[in-house]
Amino acid sequence: MRMQSKKAIYRYASTLKARTKIGKDLAAIRTRISDIAISHEAYGIRSIGDGTSHAIANERLLKLRRTTPRGQDKDIVGLEEDIATLVARLVLEDQWRAISIVGMGGIGKTTCAKEVYNHGDVQTFFDCRAWVYVSQQFRTRDILQSIIKQVATRTKDMTKLLEEELEEMLYKLLQGRRYLVVLDDIWSTTAFDSLAKAFPSDGSGNKLLLTTRNNNVALHADAQSLPHELRFRSQEDSWKLLCRKAFTESIDRVCPPQLEEIGQEIVVKCSGLPLAIIVVGGMLSRKRRLSEWQRVLNTIRLLLARDPNGVSAILALSYYDLPYDLKFCFLYLGLFPEDYLFSARKLFRMWIAEGLIPQHGGKMEDVAEEYLNELIDRNMVQVARWSANERVKHCQLHDLMRDLSISKAKAEEFLYIHGNLDTVAPASYHALSRARRHAIYSNGSLSLKESSPNLRSLLFFKVDQIKCEISSYDICTCFKLLRVLELEELKVSSIPREIGEMIHLRYLGLKHSSIKELPEEIGCLSNLQTLDIAENFSLGKIPDVLWKMKSLRHFYMHARLLAGKLRIDTLQNLQTLSDMHIGSWNETSPANLISLRKLGLKGSFTANRVRIFNSLAKLVSLHSLSLKSADVVFPSLSQLSSLRYVIKLHLSGGIIKLPEPHEFPPNLNQLTLYHSRLDKNPMEILEKLPYLFVLRLKSSSFLGKKLKFSPNGFPQLEFLELEFLEFLEALEGEESAMPKIRSLQIVGCGRLRMLPEEIKYATTLRELVFKEMPRNFLDRLQGEDSHKVQHVPSILKL
């Protein structure tokens, strides 16, 4: 039987490889054809590089329009056989197995696992799937919660549940279902044992897929399952991968003949390690002269002579090649924990607060975004999540790149990380006192007060306040030079008056920190740029002192209980204001908010509708507007047409009748409807909006049974999301509807039977995402409806 099983896997894998290659080739051809029409130079995109002025970089950013998402790695080279074998093992072995992908850091374990996880055969075979990062600093509780959220249709509040209760909940959710759970980057047998009891080992075909550097972990997880060891890339595959990363502007990704000899030698120095090849390729993508490539090769030789560890040497080269300002931005990333998903917007604000982004005219936020894109283009930072218009939302560092960042940062005495030790070793006191940026991961006692008076950044991550000896009073009295203070999710309850003495503070993060009041002295923070007090539901009042904080650029709050007077008309630098109560808004004169780009208002719009919209029309920089109605329904929304600068609109609340097309903001390109409770087909109106690029119909926005798309409707729409429309049964469309649609996402529409036949004519469609959809809907896609979607390169069933 074992021999027959092996033969079946081999036959399946051999045919799967061919089918996978054909599919990838077709997808690549479509991508190349599309990219031909788009000139990279037409958007003025070039490297920041040495000698390029920041003013020019700012001008380029305004034209920036990225046509190919970096988050989708189309450059999978040398993994085809591995993917085919692993897919076969997952879907053909009919018993519980923990299958491990083993290899050194940077060899492509996670990349391989993602390709397997998203493979069509895997999506079809398993009833439910989940993906979690484990890492060295794992928390069993967080991992269990993450898996539960992915496999449960609805989840209750889990904050008060014990680990044992979470374990039992997950076990019951998985029992009787064919599941696949990926445990990515698992380091120890202890980590596996802390999770193992939550996974039922009965049933047929249930699988765990592990990625690990430790072969002992793989054998400990399942001694009967042979670990799948990834190999170093061959010289041929290594060269192909380098060319794809170094010549991104070229359609054929072919190396010019004069660079090939040096390029081949550089590839040899990378020793077949994909991460090293990718990072070097990103660096070479900005160099086209023979002399530049020769300098890179000479530097690699020099670094290898100093450091026999080829991986470290080559990754260090990517750091040395950075422009001066970008070096410190990269070092700052070392403060974030391993595998941490950091918000791009939050990162920009921290960089700016620290003074890492120079002021050369234009918005510093735009320069910060350009800097992050530069690090991404150099393959030093990985994109985790994209917005619909292909801007970076969340990023993370590969653990080897994080090790590089921390190593260089410590050498520069740039940062210090408090790990899991309760005390600091005597030898570390010098580094502790010299470093001006500290990250707190542990929940032990902290020896900060005496040793680090000159701190500029202090960031807390997942700290239990009960066990943490440092208090908000200590922070405010001992670290008066701080520029960045991040206390998100730290249970501080109150902020002392002494906060007003921290006159250098530019970033204050208090989101979800359980604060109940803010002192009036917070108005003394004249240099504060970002204040985040969102998700503090016990905070009943904000002192009316914000008008003093004239440097404030971004303010996040919670509108439910904050309806008092709050003067803000002096804040001419304010760019973001969310989530403000409409009562407070009506008490101020917003015409002076000349920089306000993003605004969120919540409350009753009925009594002062005309006044509210007149005030919004005066905001000449307003691009994004969110309105959340506390009434049963919105009043008339016809005055939206006066908001000629708004391009992004979010409406949350009941709508009796949608505005006519000419009553929407004239330049609207993104629209989200939430709890609108519309009973008539909204597409009859929305499809006539000439510039609409993104449309999201969220929970209960439409209560009807059918959505119908007319011929030539939605001329510019590229992204459509339908989420939790519980009564939706059918989609109907014409062949010429949505001529530019690229992405369709359908989430939790439990009564939807099938996709319309006409979707097969949507030749521009590149992505279909289905989440929490009924099994019969998904089965049709694999069976009788497969002809409708066979032209779509990416189909994800989550």
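Reader: What makes the packing of helix H12 (residues 274-284) and helix H14 (residues 310-320) roughly parallel?

Author: In this predicted model, where local features need pLDDT of at least 70, side-chain atom pairs count only at pLDDT 80 or more, and totals for chains, interfaces and linings use all residues, the two helices pack at an angle of about 25°, with their axes 9 Å apart. Axes are lines fitted to C-alpha atoms, for helices over the stretch in contact, and angles run from 0 to 180 degrees between N-to-C directions; angles under 35 degrees count as roughly parallel, over 145 as roughly antiparallel, 65 to 115 as roughly perpendicular and the rest as oblique. H12 is therefore roughly parallel to H14. Helices themselves (H or I, at least four residues) and strands (E, at least two) are DSSP runs, numbered from the N terminus, while residues are numbered from 1 along each chain as its sequence is written, and side-chain values use heavy atoms, with hydrogens and water left out.

Reader: Which residues of H12 and H14 meet?

Author: Leu 275, Ala 276, Val 279, Val 280 and Met 283 in H12 meet Ile 314, Leu 315, Leu 317 and Ser 318 in H14, where contact means heavy atoms within 4.5 Å.

Reader: How do you know whether the aromatic pair of Phe 247 and Trp 293 is stacked or edge-to-face?

Author: Among the 18 aromatic pairs found in a search of the whole structure, Phe 247 and Trp 293 lie 5.8 Å centre to centre, with 20° between the planes. Rings of Phe, Tyr and Trp (its six-membered ring) pair if their centres lie within 6.5 Å, and planes under 30 degrees apart count as stacked, over 60 as edge-to-face and the rest as tilted; the pair is accordingly stacked. It links distant parts of the chain, 46 residues apart, with Phe 247 in the loop between helix H10 (235-246) and helix H11 (257-269) and Trp 293 in helix H13 (residues 290-306).

Reader: Why are Phe 247 and Trp 293 called buried?

Author: Buried means under 20% relative accessible area, exposed over 50%, partly exposed in between (1.4 Å probe, protein chains only). Phe 247 has a relative accessible area of 3% and is therefore buried, and Trp 293, at 0%, is buried as well.

Reader: What makes the pair of Phe 605 and Phe 634 tilted?

Author: The planes of Phe 605 and Phe 634 are 45° apart, with 5.6 Å centre to centre, which places the pair in the tilted class. Phe 605 counts as buried because its relative accessibility is 2%, and Phe 634 counts as buried because its value is 6%.

Reader: How do you know that the charged end of Arg 567 sits over the ring of Trp 547?

Author: A charge sits over a ring if NZ of Lys or CZ of Arg is within 6 Å of the ring centre and within 35 degrees of the ring normal, and the charged end of Arg 567 is 5.1 Å from the centre of the Trp 547 ring, over which it sits. Arg 437 likewise lies over the face of Phe 414, at 4.0 Å from the ring centre.
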